[in-house]
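Consider how two chains meet in this structure. The account below goes through the contact between them.

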Amino acid sequence: MKSRDFVVRFAGEGGQGVVTSAEALARAAAQVGYHVYTFATFPSQILGGPTWTQVRISTNPVQSQGDSLDILVAFNRYAYDNHISELRPDGVVIYNSEEFDLGGESGRSFGMAVDQIAKEVNNARAANMVVIGGVAQLVDMPVKYLEDFVVKRFTRGRDEDAQIIESNIKALRAGAEVARKSGFQLGELEPPTPPKYDQLLIRGNEALALGATAAGLNFYVGYPISPATTILVWMENNLPGKGRFVHQVSSEIEAITAILGAGYAGARSMTATAGPGFSLMSEGLGLAWMAEIPLVVIDVQRGGPATGLPTKTEQSDLLSALHPAHGDVKLPVIAPGTVEECFEASIYALNWAERYQGPVIVLSEMALAERSQNIRKPDLGAVKSERRKVYTGSNGYQRYEARELSEMPLPGGPGAYVANGSEHDGMGDTTHLPERHIRGTERRFGKLNLLNDGHYEAEHASSPIVVLPWGGSKGPAREAFNLLREQGVDIGWLYTMFLHPMPPKLLEILRKKELVIVPELNYQGQFSSILRGDGIRAESIRQYSGLPFKANELAVRLKARIKQHQERKVPA
Amino acid sequence: MSAKNPEYDFKWCPGCGDFGVRRALEFALTARSQKHEKPMSTNVVVAGIGCSGNLVHLLEGEQPFGIHGIHGRTLPIAFGVKMARPELNVVVVAGDGDFLSIGAEHLGPQAQRNLDITCVIMDNGVYGLTKGQSSPTTSLGVKTSSTPFGKIEDSMKPLSHYLELGVSFIASHYSSKPKELASLIEQAMDHRGFSIVHVQSPCTTYNDTYELLKGNKAKGIEPMAVPVPDDYDPTDINQAADLLSRPTIPVGVVYKSTRPTMSDRYAQVLTGIKERTPESLMRPYAL
């Protein structure tokens, strides 16, 4: 039987090679042209603790983590007990027989003495290759692909390269041999069709960081917090240079106010955080809005509120991203839905901040941040880097006098003013006049009209009922949508990562719909509540488990909701 | 605010110490601009919230750039300005409430970084703008609107606190002698590193300490503010600690030491690394 897609989960204790096995398999598969998608959760502790990573490999582009497992690799008993329920009925378990023995407990399982085999090929560090060899054999993925990967990975111009390559290949073959002897077979994976263009295998957070760098980011500070820490670490390693500053600061309050100072002084500045840190940034974001200072904050959402679920995923910060601060404030929000869009979102965010002279929020989420995916290599030549309008006239400039966006003076240049968090007059001096507050408020909101260039996706958009996911729920929603269309369900697809301001044309389309269904990972149905405020008949399909949607489950819920809608339409 | 602005209706009370501090800062900024032949626009004044923060709107003559931000966050804002544009001269103006209560958490990091900025702190021992509540420097037992039965916390000792944190230039004065104060502010701005000029700036409405600071011979009141001795060596941290253990308030430079600034150390890091281009940063991910 030919297959086009399989999902394998590696589960065990931190430090047992769970993550390295998954990553090596993903990289090897992507290298030869398969589409890959990883999904992981981590324990919130330094060493050990239950951990798992799953890899989905397909001949077609993949958009979600996969609903059920074809193969479970269990490194210990706890992992087996906790993950076996997600294995599909005819799936196969590979277990580490040095840790535990399933015996006849699970019909479709076999043990592998992983470390023992690795020792036999004289490379104790090749245990993950043993496992991968076994997995590849089960799905009939040619071991040659993996061998090519090993050669590429370990050719590092050192004397020991040949020995390491040889032992790793032996490990792969030994693992495959154990799997062959087990007699299990999960179909035959079709050969990949490598794309004609160059690709990257990259995580969401890395793509956010790379995009920002490509757009000319030159000031980054941050404070460690899961799941945004990897952006800080990436920046510390990669951004420093002449005219580019990176630093770990003492709190999120310091982070937001420092990038505000930098933005005021002319830098393209950014920080990244997660829910608790984002809460601390509220007042600083209000100041950036009020004093009209460009800056970007990435919020990598995790489960909330308070400390919440630091290593799980949720889409529950949308309302606070739009309205982080007290007073009349509504910030621009860009929520990428794929790893590719992460790269683009950073660029848009920095450009929007410069263009309208104010703060922009990028809303990512844990599942997207830590996911590795193969993407088309971005074309750096196509990256636009916008610069704010800088004042170059003479002194005595009224920086805030106009009713719309005006040129911004920079320290050292002409037009000294006070960037003021109190309501202010043209020079930035504090005022309490009602007329000034009316004008100032209208000016600040009016500038949002400069950000109407977001794009959107529309398919079967003439259908009266559409699905409109946001952020990381895009992938599962897309797969659910495809399933429903295959089943002949009349449903349209609309999507944008520009949640505020939304592309005006998209709003226009949405207002005409009978029903807009919004799958989202929060209790309140945050996005649909906003859409209803915009005159759109929107309803949410909600999930708040800390885990992403599964495509099949979502398809069932969408279908039920559509049916309910149609029944209501029929007069009794 | 270079000219009288009829819309700006904030006024300090008559006799407020902040008038003298403003004058001193104007002298110091002008002198610095002339000495270094740099336009006034290369100065950025970051103001806190409170009576003292309004100084940024009340400066007369040629105008520096200004930020009047949110309560307690002058230091991290100044940090952002300075590290984005190291060539700018960054001055924080704030009061004891803004700088030492809500903003106290930011002092340590700047001291440890030896961030090359200057802070001019107006200490009046009270929250004036909110009409007379106790502040970190209000004395034990003092009755204010928020301590109707007397303050039950010890007052903090700002100068000792700065010294302990590693602030590399500490000066102290009171607001009545703008020329002298201007000289201290100028020295602080010329110092490479984190400098604080802590000024007793009396609140004539809620905490009028002029007489205590200057003394009154007729009433037999000895002045609290005492110039540092002629043979005092401000580079000696032990002498500084000894000076600060006295019950009086020193006038002059209390402490100064030289060590690399944040900018120096960052520049040092840059000499040891290879700068990455976006193209080279994509390489590790290439398939």
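A salt bridge is counted here when a side-chain nitrogen of Lys or Arg lies within 4 Å of a carboxyl oxygen of Asp or Glu. In this predicted model, the side chains of A:Glu254 and B:Arg113 form such a pair, with 2.8 Å from N to O. Between chain B and chain A the count is four salt bridges. Polar contacts with both residues at pLDDT 80 or more come to 27 residue pairs between chain B and chain A.

On the chain B side, several elements each supply at least two residues that touch chain A: helices H2 (55–58), H3 (74–84), H5 (107–113), H10 (262–271) and H11 (278–282), together with strand E2 (65–68). Of these, H3(B) gives the most, with seven residues. By residue class, the side of chain B that touches chain A divides into 27 nonpolar, 12 polar and nine charged.

The contact as a whole draws 66 residues from chain A and 48 residues from chain B. About 4700 Å² is buried between the two chains, and 61% of that area is on carbon and sulfur atoms. In chain B, the residues that lose the most area to chain A are B:Phe65, B:Tyr285 and B:Leu287, which together make up 19% of what that side buries.

Strand pairing also crosses between the chains. Strand E17 of chain A (residues 418–420) runs parallel to E2(B), and three bridges join the two strands. Within this pairing, A:Ala419 has B:Ile67 of E2(B) as its bridge partner.

Key: Residues are numbered from 1 along each chain as its sequence is written. Chains are lettered from A and ligands numbered from 1 in the order in which they are written. This is a predicted model: local features need pLDDT of at least 70, side-chain atom pairs count only at pLDDT 80 or more; totals for chains, interfaces and linings use all residues. Side-chain values use heavy atoms; hydrogens and water are left out. Contact means heavy atoms within 4.5 Å. Buried area is the accessible area (1.4 Å probe) that two parts lose on being put together, summed over both. A polar contact is a pair of N or O atoms within 3.5 Å; within protein, one must be able to donate a hydrogen and the other to accept it, and residues adjacent in sequence count only if both atoms are side-chain atoms. Helices (H or I, at least four residues) and strands (E, at least two) are DSSP runs, numbered from the N terminus. Ala, Val, Leu, Ile, Met, Phe, Trp, Tyr, Cys and Pro count as nonpolar, Asp, Glu, Lys and Arg as charged, and the others, Gly among them, as polar. Two strands pair if DSSP finds at least two bridges between them.
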